[in-house]
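Subject: Structure handover

Hello,

Here is the structure for your files. My notes on the findings follow below.

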Amino acid sequence: MKTGFQLAFFTLRSRRHNGVYISDWLPDLAQQAGINGVTVADASKGLGHDGKWHSASFFELSDQPLEIIMIVDTEACDRLFTLLETEKPNLFYTKTAIEYGTV
């Protein structure tokens with residue numbers, strides 16, 4: 001059993017940071033911080049903090065909500081947030097203390 005954090009970042013498929021899609025950029029940044037497990041999950045619909053509905057349509061996927069999830073130990077979490085503070089991507093996240101392991 002280990003303890004650490006579940007990090008969840010919320011964005012839209014079309015969002016970019018320095019010209020790179022967040023869904024590509026953030027997992028790469030996580031690898032730089034020593035994090036190898038990252039999941040990018042598509043959502044069919046979401047209500048944004050701006051009070052607007054975002055969803056993927058048959059013709060357009062750019063407004064599709066995404067959740068980028070990582071399970072990290074304390075050290076990796078600190079390394080990632082140090083990189084994020086330098087990059088300043090303006091990205092909403094949640095950080096939840098967890099216990100994790102393999103059975």
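What pattern does the chain follow, read along the sequence? The pattern is β-β-β-α-β-β-β-β-α-β. That comes to two helices and eight strands (DSSP runs, H or I of at least four residues for helices, E of at least two for strands, numbered from the N terminus).

This is a predicted model, where local features need pLDDT of at least 70 and side-chain atom pairs pLDDT 80 or more, while totals for chains, interfaces and linings use all residues. Residues are numbered from 1 along each chain, and side-chain values use heavy atoms, without hydrogens and water.

**Helix pair**

The axes of α1 (residues 22-32) and α2 (residues 74-87) come within 9 Å and cross at roughly 130° (lines fitted to C-alpha atoms over the stretch in contact, with angles from 0 to 180 degrees between N-to-C directions).

Trp 25, Leu 26, Leu 29, Ala 30 and Gln 32 in α1 meet Leu 80, Leu 83, Leu 84 and Glu 87 in α2 (heavy atoms within 4.5 Å). By class, this contact has seven nonpolar, one polar and one charged residues (Ala, Val, Leu, Ile, Met, Phe, Trp, Tyr, Cys and Pro are nonpolar; Asp, Glu, Lys and Arg charged; the others, Gly among them, polar).

**Overall size**

The C-alpha atoms fill a box of roughly 45 × 30 × 20 Å, taken along the principal axes.

Best wishes
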